[in-house]
Amino acid sequence: MDLTTIWFLLVAVLFTGYFILEGFDFGVGMLLPVLGRDDRERRVLINTIGPVWDGNEVWLITAGGAMFAAFPEWYATLFSGFYLPLLLILLALIARGVAFEYRHKRPEASWKRRWDTAIVIGSLVPAILWGVAFANILRGVPLDADHEYVGGLLDLLNPYALLGGATTLALFLTHGAVFLALKTTGDIRERAGALAVRLGAGAAVLAVGFLVWTLSIRSSAAAVVLAVGAALALLGALAAARVRREGWAFTGTAVAIGLAVATLFAALFPNVMPSTLDAAGTLTTTNAASTPYTLKIMTWVAVIFTPIVLAYQGWTYWVFRKRIGVANIPQH
Amino acid sequence: MDALDVARWQFGVTTVYHFLFVPLTIGLSVLVAILQTMWHRTGNERYLKLTKFYGKLFLINFAMGVVTGIVQEFQFGMNWSDYSRFVGDIFGAPLAIEALVAFFLESTFIGLWIFGWDRLPKRAHLASIWAAAIGTNLSAYFILAANSFMQNPVGFRINPDSGRAELTDFPAVLTNKVALITFPHTLAGSFLVAGSLVVAVGLYHVIRNRDSADTGAYRFATKFGSWVVLVASAAVLFTGDIQGKIMTDVQPMKMAAAEGLYTTESPASFSVLTIGSLDGSREVFALKIPYLLSYLGTGDPNGTVHGINDLQAQYATQYGAGSYTPIIPVTYWSFRFMIAFGMAAAAIALLVLWSQRKGRTPSSKWLLRAGLAMPVLPLLANSFGWIFTEMGRQPWIVFGEMLTRNGVSRSVSLAEVLTSFTAFTLIYATLAVIEVKLLLRYARAGVPDVSEEHPIDDTHDDAERPLAFAY
């Protein structure tokens with residue numbers, strides 16, 4: 001396998017990891033007003049992701065960095081082309097990150113309410129826009145022969161991309177509800193489990209529709225297999241959620257999100273950003289890539305450090321494996 | 001006004017803003033780790049109180065550093081996509097390594113430290129803050145290596161077909177002499193900020209809460225912080241001196257611009273303060289120290305320091321017609337402000353130490369005012385240092401290889417970049433007010449009560465037990 005293919009896979013893995021991990025963070029954030037009836041309950045929800053959300057977000061920073069290092073043309077075209085959606089995502093992530101840290105710093109209800117709003121909107125906006133962005137990458141956008149984006153904002157708001165946004169929204173909501181059922185006790189756990197079943201049904205319909213539409217735009221044998229796997233995992237998650245097998249339900253939604261993202265990357269390969277105009281504008285793993293020397297160095301770095309990162313992040317999840325409930329929330 | 005101007009302003013504002021939080025994160029992470037180690041070693045509760053107290057201030061600041069950092073990585077692609085295309089082969093690698101090697105370490109272990117008081121064995125918990133501190137300090141190295149490539153490009157070639165810069169020697173990029181000296185200079189500057197904060201908050205309580213049971217802890221903190229400031233300022237001066245010589249060598253125009261030195265001089269005198277016309281043709285008032293600039297720039301009191309006019313003429317021959325001169329008042333004054341504000345903090349630290357000699361307790365209102373100003377001074381010094389080093393590189397984005405105006409995104413309109421600049425400025429300004437208020441609130445509250453610690457207890461059912469820390 002040549003280095004550009006390896007790096008395409010690595011970028012895909014990083015984004016897949018990001019969506020699996022921050023997917024449930026976003027879900028928990030959006031479900032704050034739905035499942036958290038009072039301040040103590042909302043604190044239970046926030047604290048299920050408290051120790052890990054920041055580490056989860058670094059998957060995005062690493063994915064962006066890997067894209068910059070391995071495929072600078074892809075990074076440059078994507079980030080300058082999808083300007084306003086990315087701006088909104090950045091603003092959302094800023095508000096949300098600060099909110100987690102500052103919400104409990106003052107006792108006033110109005111203070112907490114404001115940060116709760118920041119958490120909900122800060123989770124909702126990226127949950128939708130990441131779907132819109134990735135659907136557009138797959139569908140293709142107008143790029144000129146210099147790989148510059150020549151479309152406008154409206155080009156990004158096509159029906160297929162909007163369905164993509166609705167799909168990631170529904171998937172992350174379900175993933176978050178399943179995660180909460182797994183990580184909480186008592187009443188919240190019950191409500192989260194019941195909500196996961198209802199959300200999951202909607203997510204399954206949207207996801208199947210989106211994946212079928214995706215494969216009709218561009219496809220490969222691998223993409224079809226992955227899409228079928230994603231759909232089966234989601235159905236499995238739904239069945240497990242119904243009988244309250246929370247560990248299996250969470251495994252199911254995690255695998256479903258992972259395979260759905262993998263489907264997009266598999267369908268895209270070997271393109272990384274197809275152009276709807278001039279074929280010369282299309283960016284591929286070849287014409288967007290860095291030199292073999294850079295890729296070789298980066299491969300060594302990735303081979304050495306990725307297992308270490310996975311080990312200590314995995315350990316963190318093990319350290320904080322206990323469920324929490326209202327009784328565990330301290331007064332201050 | 002065009003998209004280029006706004007993109008430059010946005011980069012300046014978001015970067016200077018981001019770097020208000022970074023020095024504290026870099027320095028305070030280590031200082032908190034040292035305090036916790038002292039508690040671990042001695043078992044003295046005073047150090048635990050200080051660990052938790054300064055740890056809280058650290059975390060309020062840390063959150064801001066994290067969220068404003070994501071903007072930095074995205075901004076290269078969003079506003080500077082032609083720059084990203086040109087240098088991606090070289091510049092992307094340190095950024096990706098920074099995320100993989102440093103940010104994961106920092107963010108994961110910070111989470112373990114914040115929430116791990118009752119979940120981890122004491123040693124593992126202590127190791128967590130050290131791991132986070134190492135991650136933070138390590139991240140500075142990679143991003144400075146990337147920045148140093150822009151100041152002094154090394155280890156690359158220009159591909160004649162694509163016109164892009166390509167990496168040929170990665171170790172050369174990581175051991176760029178500009179990076180090797182900027183890293184310790186930046187760390188020293190960061191410890192100047194962190195030490196100053198420790199002093200300011202400690203001194204406030206020493207003077208205001210004279211009879212508090214925790215006065216001993218605060219006295220210790222002010223002394224500890226003062227020594228950090230003094231050692232850091234010595235390191236700043238030492239590294240800054242070497243940096244000046246390297247700058248004279250690789251970016252002579254920046255050195256000339258720092259001094260407003262228009263004509264080549266040997267020996268050259270250091271301008272403490274010069275007021276004159278912008279083009280240097282007329283001096284109204286000048287205070288100069290003979291030989292000093294020659295010595296700072298070259299190590300030889302009679303060494304030659306090239307002037308702006310000569311360098312401009314040389315660059316015009318080398319790179320084609322155009323201006324290769326930075327905005328002199330900006331570089332001249334930011335260079336002086338950097339030095340003055342940094343040294344002012346060190347001077348106050350000396351006063352604070354003197355005021356506590358032989359067990360005395362200071363009570364001077366003036367000392368308190370000076371002490372409270374302390375954290376602001378090195379923050380300003382850091383900001384002016386960055387403004388100097390980035391503005392002094394202009395008009396280049398990569399010195400000698402790419403002009404700033406050629407690096408901006410072609411596909412981004414003025415309206416788009418204006419929207420983004422306005423949005424960031426507004427959200428950053430709002431958050432700044434909130435952050436400062438929170439810092440003051442928690443600084444005033446003083447050290448926490450640590451009598452009810454939560455020992456690890458895995459033998460009992462802890463379903464009902466409150467968490468040691470919760471958001």
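A crossing of two helices is called left-handed if the near helix is turned anticlockwise from the far one by less than a right angle, and right-handed if clockwise. In this predicted model, where local features need pLDDT of at least 70, side-chain atom pairs count only at pLDDT 80 or more and totals for chains, interfaces and linings use all residues, the crossing of α9(A) and α10(A) is left-handed. Residues are numbered from 1 along each chain as its sequence is written, while chains are lettered from A and ligands numbered from 1 in the order in which they are written.

Helix α9 (residues 159-183) and helix α10 (residues 186-217) of chain A pack at about 155°, with their axes 7 Å apart; axes are lines fitted to C-alpha atoms, for helices over the stretch in contact, and angles run from 0 to 180 degrees between N-to-C directions. Since angles over 145 degrees count as roughly antiparallel, under 35 as roughly parallel, 65 to 115 as roughly perpendicular and the rest as oblique, α9(A) and α10(A) are therefore roughly antiparallel to each other.

Chain A as a whole has 13 helices and two strands, which are DSSP runs (H or I, at least four residues, for helices; E, at least two, for strands) numbered from the N terminus. Its C-alpha trace spans about 60 × 40 × 35 Å along the principal axes.

Turning to the partner chain, the contact takes 64 residues from chain A and 59 residues from chain B, two residues being in contact if their C-beta atoms, placed from the backbone, lie within 7 Å. On the side of chain A that touches chain B, α6(A) gives the most, with 13 residues.
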